[in-house]
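User: Can you walk me through the charged residues in this one? Keep it simple, please.
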Amino acid sequence: MNNNILFEKKSASRWLEAYPLGNGHIGAMVYGDVACDRIKLNDDTLYSGRKECADAMSAPHLAYIRQLILEDRNKEAYQACDDYLLGDPLFVRSYQEVGDILINKDDDSKVDDYRRELDMRTGIARVSYTQDGVAVEREYFISYEKDVMIIRTTASKPILNYSISLDRPRDCSIKSFDDLILLNGQLVDIPTKRRGKGGANMRFAAAVKVHTDGETSDCQNRNDEGDMPGEGALARTIQVKNASSITLVYTSKTDYDYENLSIDRSIEPLEVVWDAVNNICPCCYDDMKKKTADLISGYYDRVCLELGDDTSEQPVTEILDDFKENGNYTNALIEKVFNLGRYFLITSSLKPGKLPANLQGIWGEGFQMPWDADFHTNINLQMNYWPAHVCNLAETAESLNDFVAKLTIPGSETARNMYDAGGWTLHHLVDCFGKTSMHDGVWGATPMAGPWMARHLWEHYEFTGDKKFLEETAYDVIKGACRFLLDYMIDDGTGRLVTAPSASPENEFILNGERTSMTYSSTMDVEITLDIFDKMKAAAKVLGREDDIINEINEALPRLPKITISDRFGTILEWIKDYEEIEIGHRHVSHLYGLYPADVITQDNEALFEAARKTIERRLAHGGGATGWSRAWTINFFARLKDGENAAHHVRSFVRRCCESNLFDMHPPFQIDGNFGFTAGVAEMLLQSHDGVTGDRIISVLPAIPKSWANGKVKGLKARGNVTVDITWTNGEITSLALVAANDGIIKLESKALKGLSGDAELCCCGDGVVGVKAKAGVRYEFVR
């Protein structure tokens, strides 16, 4: 089975059966119906709302709130936070779809031999069938270079009769004009107390150009004056008759200003799309298709996973249904879901896209999407980029890195206005306009998302070795996050430095007989602080900087609360005290941040490592991991615990319980973070490089390989230190291992990885259980059994 291809023998009847295409900017969901093909369209920048959020000027009230929290007067503290900490408006507004391209078949000819597929390796979707015995094929792809979507339908005879339209039910006008359909719109938001000022906000436009060898008609009496369609052009449909080839060229544009996280009225979206589609010649179709396929496959082929199954060719839904209903498990299905996560990164997070992937990537249906399809920063946005580096797709993380760097500007105002602190931060969500205030409610009363996001920039450096990026971008972002923490923390009266207010994301406990989420120095806060302080010290060392903030960090570290193990359960405490839990199986397992994605809890500390195991086991025993992304996080936890069997159990559970017909992850509803977390988890089972000292890592090969993956191979995974790793194994034992370092130096490995293998590399001892490979940049070192 080719596990780069998803296919069905039927069209999609709903969004969660359609196949995704993207180029970072344009997103499309292909339904592939013969009678009426629907292509659902998105633009990564089309959001309702505007740049209007005002931080709560809460700094003067902070001492009072903190006093209440430290005195365990949480009910009063909660009310004070509600009074003084919330941003205005309280909620952000939603991501929106652009609309639909509809291709209606204008005859009732007989159709046979239907097939719909997505080739994830090339980013090309296809529909094929026979119409009255004549072969018909439709191809869809989105060009990165030209920033347009191409849809071409061909037949061996001139039998194609279609009505082509562009549809959106609100906030726009749509007009056809000879061989062109134009959509021109402006989002008009209803003013509400919770979501802020309404009015005419973001402008947007879309266009479809029709090229054909058949006859065309726009079915209207139109005003021919000028180059652009006039008010007399009212039809939305172009009819094509007796054609053997029809090519549609589509694009979209908004007046979003990414550089300033705002709206720029000097941008004319309609002019941009008009020029874009009119500048594409159908004679360039093959060249554009090849360039698109070459670009996507160039990223996609960096990694290849084979888990040894030889499965007959079956549609995805048949394999999935057989697994869900009959328990017939196949590793080939795991490979497909793993590959889908990589494909999602390539198609959602490269240029010409601007923003990072939101809760739904760049794909979404409707005008009020679940959770607004915003950027949730208490795990979800972070999880979107967990597989980026280990799966050798560092370029896809650049959109996130750049966005975080931009957020430091409004984030510095939030730090100052809300907490009288330097540096920068944000809370549990942000939108495309950089609203870093506290949103939704007091349960979001933790400003720790900034330091968490900052670690991603260090990860980018540690995987790529890009010292220029560290010096010019990452260092100041990390330093700003540390500056905020040093200013934000207070003495709790016992000499400890604590964060206050604090929360463990979205979870609650019982205090004084009442439910509350309000606390000080939740365990996650402590772990985030330890983590980002460590990265700050490492960054200063790499760059040779003697920065005063390092002295402050060294003075603060001994005063942080300790990560504590519960006397009752042997688990890691989630809060500063062993409070009574309300929802033991809560979806967020935030107090294991230190285990994954961070490296605060490792096997070097046996007590915490074992307590982490007990923590996730207790969570799961009470119904944890019920959402798709939480299940994906669980895979990563067990991978870090070197527990391949439990990791594999949750790999299977994710696919069986959380995957829709098109393998999209369901929270429910759809959230793309679970797909990304799954891919990261599978990679983490195969390769880890977080052990050792920050900046001087030790690679672990097949650290969590389960019995069900007895035989397999993976090529192209990336370890920290910019080392590319290929592994082949049989009966759970490594039979070949290849390493390629981007820089001269010592590659450190757990010595058991080379047990029974031989090669011509020069080795050295690097400590107990650790061997070093003396590597030259770009040289492939291979060890075989």
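Analyst: We will go through some salt bridges and then a charged patch.

User: Ok. What kind of model is this?

Analyst: This is a predicted model.

User: Why would side chains pair up at all?

Analyst: Side chains of opposite charge can pair when their charged atoms come close.

User: How many salt bridges are there?

Analyst: The count comes to 62 salt bridges.

User: Let's take one. What does E97 pair with?

Analyst: E97 forms a salt bridge with K40. Their closest N and O atoms are 3.2 Å apart.

User: Where do E97 and K40 lie?

Analyst: E97 is in strand β5, residues 95–105. K40 is in strand β4, residues 36–47.

User: Are E97 and K40 buried or exposed?

Analyst: Both E97 and K40 are buried.

User: New one. Which residue does K290 bridge to?

Analyst: K290 forms a salt bridge with D294. The closest N and O atoms are 2.7 Å apart.

User: And how far apart are K290 and D294 in helix α4?

Analyst: They are 4 residues apart in helix α4, which covers residues 285–300. Because of that spacing, about one helical turn separates K290 and D294.

User: Is K290 buried or exposed?

Analyst: K290 has a relative accessible area of 51%. The cut-off for exposed is over 50%, so K290 is exposed.

User: What about K748?

Analyst: K748 forms a salt bridge with D696. The closest N and O atoms are 2.8 Å apart. This pair links distant parts of the chain. K748 is in strand β32, residues 745–750, and D696 is in strand β28, residues 696–701. They are 52 residues apart.

User: Does K748 count as buried or exposed?

Analyst: K748 has 19% relative accessibility. Buried means under 20%, so K748 counts as buried. D696 is partly exposed, with a relative accessible area of 36%.

User: Which residues do shared partners join into one network?

Analyst: Salt bridges that share partners join R455, E459, E462, D531, D534, K535, D599, R697 and R720 into one network.

User: Switching topic. Which residues gather in a patch of negative charge?

Analyst: D108, D112, D113 and D132 gather in that patch, on the surface.

User: Where is D112 found?

Analyst: D112 is in strand β6, residues 111–119.

User: And how accessible is D112?

Analyst: D112 has a relative accessible area of 35%, so D112 is partly exposed.

Note on methods: Residues numbered from 1 in each chain as written. Predicted model: local features only at pLDDT ≥ 70, side-chain atom pairs only at ≥ 80, totals over all residues. Heavy atoms only, no water. Patch = residues over 30% accessible without salt bridge, like charges linked within 9 Å, V, L, I, M, F, W, Y side chains within 5 Å. Areas by Shrake-Rupley, 256 points an atom, 1.4 Å probe, with all protein chains shown as cover. Salt bridge = Lys/Arg side-chain N within 4 Å of Asp/Glu carboxyl O. Lys, Arg positive; Asp, Glu negative; His and termini not counted. Charge placed at Lys NZ, Arg CZ, Asp CG, Glu CD. Helix = DSSP H or I, 4+ residues; strand = E, 2+ residues; numbered from the N terminus. Buried < 20%, exposed > 50% of the residue type's maximum accessible area, 1.4 Å probe, protein only.
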